[in-house]
Amino acid sequence: MTKPSVLEIDNLQVSFRTSGGRVAALNGVSFAVGQNEVLAVLGESGSGKSVTAASVMGLIAQPPGSIDGGQIRFGGVNLLALDADDHRRMCGKRVSLIFQDALSALNPVYPVGWQIAEVFAIHGMADRASAVRHAVELMEAVGIPAAAERAGQYPHQFSGGMCQRIMIAMAIALKPELIIADEPTTALDVTIQAQIVELLKETHAQSGASIMLITHDLGLVAEMADRVVVMYAGRVVEDSDVYRFFAEPLHPYAMGLLASQPRIDRGAGALQPIPGAPPNPLALPSGCAFRPPCPRATLRCAEQTPALRKLASGRAVACHFADEQAL
């Protein structure tokens with residue numbers, strides 16, 4: 001049974017002004033995040049994953065960025081219809097963002113305990129003394145040893161993994177309904193990655209918050225996600241439950257992603273990379289953006305951009321030949 005949605009993105013269009021012209025970063029992105037669901041947004045760099053997250057959080061600066069169309073509905077409210085202050089207040093309390101580079105996201109001139117406490121202070125949730133106490137409790141909850149002493153230290157005094165824990169503490173401080181985790185394990189060694197993944201899983205289990213997990217790590221998707229949205233060149237090309245995505249991907253790009261990954265259930269041998277390079281967003285190919293490297297492309301793919309359509313199975317895919325693959 002489909003879960004009620006906590007976030008609905010409908011036909012979102014975002015562009016940026018550059019020296020080479022206006023770049024369409026998102027070309028009609030649509031998907032939803034269900035209540036208590038972990039949705040993985042998957043795709044290579046430049047596919048539009050982080051731009052989607054920034055749009056939800058109201059972080060698209062104008063200029064050079066511009067939201068050109070669509071809706072982002074949270075709790076039945078179109079966030080794009082709110083002014084900047086109302087958008088910030090709603091997202092600050094009910095939606096939180098874990099940035100990709102925690103050390104860069106933290107303010108280097110303030111102690112980490114002060115920065116966590118500021119989350120409560122900004123939203124009028126506690127006085128300064130109570131906010132500091134809550135900050136220490138959150139640091140303990142995310143596994144930072146000697147939290148009371150370390151709350152007075154600065155970001156540069158923490159490892160990358162500990163900085164990511166601090167970001168998670170800030171993200172869960174106000175008990176949000178949705179946590180957006182943008183590449184939360186990037187640039188961490190594999191041992192620390194495993195610890196951060198376990199912390200995210202515990203946070204999800206204990207809080208019941210939905211998680212929108214932005215990543216290109218298929219292993220992380222397999223371990224955490226309930227559903228997968230695959231993006232390519234600013235569009236959603238596949239939306240599927242995680243089990244069927246790995247067992248039978250429908251879009252040729254999704255097939256290519258899986259074929260290019262090493263797997264222990266296959267014999268040794270050369271991987272199968274996706275040929276070529278991602279398309280230039282200033283000069284996307286006609287029709288389907290994945291047409292040049294696609295082994296199934298036909299003249300129809302050059303003439304018609306495939307719409308994201310829902311199949312009888314409940315999955316959605318943007319490919320003219322998806323019905324044949326689904327049989």
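## Largest pocket

H2 (84–94) supplies the largest share of the lining of the largest pocket, seven residues. The model is a predicted one, where local features need pLDDT of at least 70 and side-chain atom pairs count only at pLDDT 80 or more, while totals for chains, interfaces and linings use all residues. Residues are numbered from 1 along each chain as its sequence is written, and side-chain values use heavy atoms, with hydrogens and water left out.

The volume of this pocket comes to about 1,100 Å³. It has 38 lining residues, and the closest to its centre are Met 57, Leu 59, Arg 88, Cys 91 and Gly 92. A pocket is an open set of points on a 1 Å grid over the protein atoms alone, with protein on both sides within 12 Å along at least five of seven lines; a cavity is a set where a 1.4 Å probe fits but cannot get out, and lining residues have an atom within 4 Å of a point. Points are joined across faces, edges and corners, and a volume is the space filled by probe spheres set on them. Besides H2, at least two lining residues each come from H1 (49–57), E6 (95–98), H4 (112–122) and H7 (160–172). By class, the lining splits into 24 nonpolar, nine polar and five charged residues.

Next comes the second largest pocket, at about 800 Å³. Of its 32 lining residues, Arg 227, Asp 239, Lys 310, Gly 314 and Ala 316 sit nearest the centre. Strand E2 (21–34) gives the most, eight residues, and E1 (5–18) and E10 (235–241) also supply at least two each. The class count for this lining reads 11 nonpolar, nine polar and 12 charged.

What about enclosed space? The structure holds one cavity of 30 Å³ or more, and about 90 Å³ of space lies in the largest cavity. It is lined by 14 residues, with Pro 252, Cys 288, Cys 294, Cys 301 and Cys 319 closest to its centre.

E4 (65–74) and E5 are joined antiparallel over two bridges, and Phe 74 stands opposite Val 77 in E5.

Contact here means heavy atoms within 4.5 Å; axes are lines fitted to C-alpha atoms, for helices over the stretch in contact, and angles run from 0 to 180 degrees between N-to-C directions. Eight of the nine residues of H1 are buried, so the rest of the structure largely encloses this helix. Buried means under 20% relative accessible area, exposed over 50%, and partly exposed in between, with a 1.4 Å probe and protein chains only. Just after H1, Gly 58 takes a positive phi of about 75°.

## Eight-stranded sheet

The other open sheet runs E6-E7-E8-E3-E9-E10-E12-E11, with mixed pairing. E6 and E11 (309–310) stand at its edges with a single partner each, so one side of each lacks a neighbour in the sheet. E10 and E12 (316–317) run antiparallel and share two bridges, with Glu 238 opposite Val 317. H11 (252–259) packs on this sheet, touching E3 (38–42), E9 (227–232) and E10, and its direction makes about 105° with that of E9.

E3 is mostly covered, with five of its five residues buried. Val 38, Ala 40 and Leu 42 point one way, and Leu 39 and Val 41 the other. E3 runs parallel to E8 (210–215) over five bridges and parallel to E9 over four. Val 41 has Ile 214 as its bridge partner in E8 and stands opposite Val 229 in E9.

Conventions: Nonpolar A, V, L, I, M, F, W, Y, C, P; charged D, E, K, R; others polar. Pairing = 2+ DSSP bridges.
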